[in-house]
Amino acid sequence: MKEKHTLLYYIKRYKRRYIMGAIVLLVVDILNLYIPQFTGEITDGLQSHSMGMEGVMQGIGKILLVGALLAIGRFLWRFFIFGSARRIECEIRNDLFAHLETLSMRYFNENKTGELMSYFTNDLNAVRMSIGPAVITTFDATILTILVLGKMITHVNLKLTLMAIVPLFFIAGGGIWYGKQAEKRFREKQQAFSDLTDQVQESISGVRVIKAFIQERKEMRAFAKANKNNKDKNMRVVKLQATVMPLLDVVIGFSSLITLFYGGYLTMIGEISLGRFIAFNQYINMLVWPMIAVGDSITFFSQGRASYKRIRKVFLEKAEIIDESEEGQLGKSLADQLKISEIDADNTMQASALHGQITFNHLSFSYHNQNRNAIEDLSLTIEKGSTLAILGRTGSGKTTLANLLLRMYDAEQGMIQIDGIDIRKIPLDKLRKSIAYVPQDNFLFSDTLGNNIAFGSESKDKEKMEEAAKEACIHDNIMDFPFQYGTIVGERGVTLSGGQKQRSSIARALMKEAPILILDDSLSAVDTDTEEQILSNLKKHQKDKTIIIIAHRISTIQNADRILVLEEGKKAEYGTHETLMNENGIYANLYHKQQLEKQLVAQQ
Ligand SMILES: Nc1ncnc2c1ncn2[C@@H]1O[C@H](COP(=O)(O)OP(=O)(O)O)[C@@H](O)[C@H]1O
Ligand SMILES: [Mg+2]
């Protein structure tokens, strides 16, 4: 488990392809060496007049043949190694996404969307470069260097070779320093890009607020700042490269000078032939590329390392909400249960639904990093098939209750039970399947209305869909849209009003046909007549369901079987409409206030 999600783990899976690529590369490099040799042979043959036109043609023929083999070889190693890198990139991206999907709400509260997005784009790109091109380059450069040196020694002259490569040792030393610098600067560069992505993401999703509060200039300034930071950090990387690369040329230049000088001398005194002298010059030139390649490889590896460290941080993040049930796999996170490759095959995680009796047993809960309890010592039971209405100021813990029931966050063992079973012992998928939830910030995907409504349901049955939509009083609206249930909502389609969104979300929950239904402030943007209609529909069609309605309007609440008034996470009042009216407390007070408002409105 520990080894999983290290870069090596992925590379090992493609071992065979990498080895094949390496072999082809080796062959290519060996073939490569024959070209200077053939050129040298032609030169020597011409010089000693021992070679005619026929011999020259033969030499050229050999060069052409090697050239053709080289072309094939170069295709093959690209196919093996670049192909593996692409495949690994794709696998990591899948795994990363699957892993993110399992992480708990806390993680998403604490990490910015833009940053998470940049892992998938920028960082994974850098990782791919380090396991594809950089691997090739390093391997190729090493092999080529060894082979070329071998050729220089055996085919030309040992002393000349030793003299010529002295300057190259400087490169090895400099490379280590350069790698460290590059990694540091690259990490800063990736972070700057993350921040920039985040800036764009926030500005776009918050565009309505920005415009309404005329904060465009401020946003532009913030963007320009993030953009400049991104540019600066990129410049730091470029500057480093720009300084180091010409130094490489200088070093290689020295090698060439030594070759001309000492090689020329050796040719003059007849120790080596002119042809070999020419071949040697070509060999030295063949070393230019490996030297530059070493620089590039170090850059790529450092960048890949920096990026993979960022990605690995996500992998090391554990899902906090895990399945502890025996029915579900004990102690396994959803990630392990839902291997991405198995998702298509196994769509039938059928679990018999719960009945829906909910018990809170001295429930106390506080969010991470929060010193105040969001819920404090709450005990009550919601009978199966009954309706509980929850009333309370903002921040009193209403949404938190819904979050806890769904296990978006975990309460302590034994504090919440459904059907008498601790919810931590109920398989997660079964639990969530049994609860139809209309969140307060009802979110619709940029998809058709039909797909949005059927989102949580296994069947896409048109009749059921319409039934749910009718119950949620959205059907008539939908029929007025240009493509009815096929109408796309969101960024690429129609914009729904707040009330329409709420009712679409309700339809989505109703279509799920779960034994427990939670409406979190889901009728606030709906007019009172429609609200009444929806409530009466619920009463009629959902009477065996356990329903939790969170609301502010007495009209929404008063007919519930039980009413809970929350104050700062505590149970302030609890009872039926009648008993609470008799208590003459918060509920009764609110009732009178809202009655008065109604009368005022009626009088106008
Ligand atoms: N994700 C969160 N992290 C930390 N604190 C939170 C989080 N969500 C809500 N809270 C805090 O918990 C308290 C209860 O919030 P919430 O349940 O959303 O209230 P309500 O739905 O009644 O308006 C508030 O003080 C709120 O600031
Ligand atoms: Mg809320």
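1. Let's start with Ser255 and its surroundings. In this predicted model, Ser255 sits in helix H10, which spans residues 216-268. Setting aside neighbours within four places in sequence, Ser255 is in contact with Ala164, Pro167, Leu168 and Ile284. Is Ser255 buried or exposed? Its relative accessibility is 3%, so with the cut-off for burial at under 20%, Ser255 counts as buried.

2. At the N-terminal end, H7 is capped by Asn157, with a side-chain oxygen 2.9 Å from the backbone nitrogen of Lys159.

3. Now for the sheet. It is an open one of 6 strands, ordered S6-S7-S8-S3-S9-S10, with mixed pairing. Its edges are strand S6 (435-438) and strand S10 (570-575), each of which pairs on one side only. From one strand to the next, the twist averages 15 degrees. As a reminder, strands of a sheet pair through backbone hydrogen bonds, either parallel or antiparallel.

4. Strand S7 (residues 516-520) deserves a look of its own. All of it is covered: 5 of the 5 residues are buried, so S7 is largely enclosed by the rest of the structure. Which residues cover the two sides? Ile516, Ile518 and Asp520 lie on one side, with Leu517 and Leu519 on the other, and all of these are buried.

5. The pairings of S7 can be followed in both directions. With S6, S7 pairs in the parallel sense over 4 bridges, and Val438 has Leu519 in S7 as its bridge partner. With strand S8 (residues 546-550), S7 also runs parallel, joined by 5 bridges. There, Ile516 has Thr546 in S8 as its bridge partner.

6. Strand S3 is covered too, with 6 of its 6 residues buried. Thr387, Ala389 and Leu391 point one way from the strand, while Leu388, Ile390 and Gly392 point the other way, and all are buried. S3 and S8 run parallel and are joined by 4 bridges, including one in which Ile390 has Ile550 in S8 as its partner.

7. Strand S3 (residues 387-392) also pairs with strand S9 (residues 562-567), in the parallel sense and over 5 bridges. Within this pairing, Ala389 stands opposite Ile563 in S9, and Leu388 stands opposite Arg562 in S9. Helix H22 (residues 586-603) packs on the sheet and touches S3, S9 and S10. The direction of H22 makes about 100 degrees with that of S9.

8. Which protein atoms are the donors of the magnesium ion (ligand 2)? They are OG1 of Thr399 and OE1 of Gln440, lying 1.9 to 2.3 Å from the ion. This pair links distant parts of the chain: Thr399 is in helix H13 (residues 398-405), whereas Gln440 is in the loop between S6 and helix H15 (449-453), 41 residues apart. Thr399 is partly exposed, with a relative accessible area of 24%. Gln440 also counts as partly exposed, at 38% relative accessibility.

9. Two backbone angles are worth a quick check by eye. Most residues other than glycine have a negative phi. His362, in strand S1 (residues 358-365), has a positive phi near 45 degrees. Asp377, in strand S2 (residues 375-382), likewise has a positive phi near 45 degrees. How do they stand for accessibility? His362 counts as partly exposed at 49%, and Asp377 is partly exposed with a relative accessible area of 45%.

10. Lys12 is found in helix H1 (residues 7-13) and counts as partly exposed, at 45% relative accessibility. Lys12 and Leu564 are 552 residues apart in sequence, and their C-alpha atoms are 58 Å apart in space.

Key. Residues numbered from 1 in each chain as written. Chains lettered and ligands numbered in written order. Predicted model: local features only at pLDDT ≥ 70, side-chain atom pairs only at ≥ 80, totals over all residues. Heavy atoms only, no water. Pairing = 2+ DSSP bridges. Axes fitted to C-alpha atoms, helices over the stretch in contact; angles between N-to-C directions. Contact = heavy atoms within 4.5 Å. Donors = N, O, S within 2.8 Å, 3.2 Å for Na, K, Ca; no water. Buried < 20%, exposed > 50% of the residue type's maximum accessible area, 1.4 Å probe, protein only. Polar contact = N/O pair within 3.5 Å; in protein donor to acceptor, adjacent residues only side chain to side chain.
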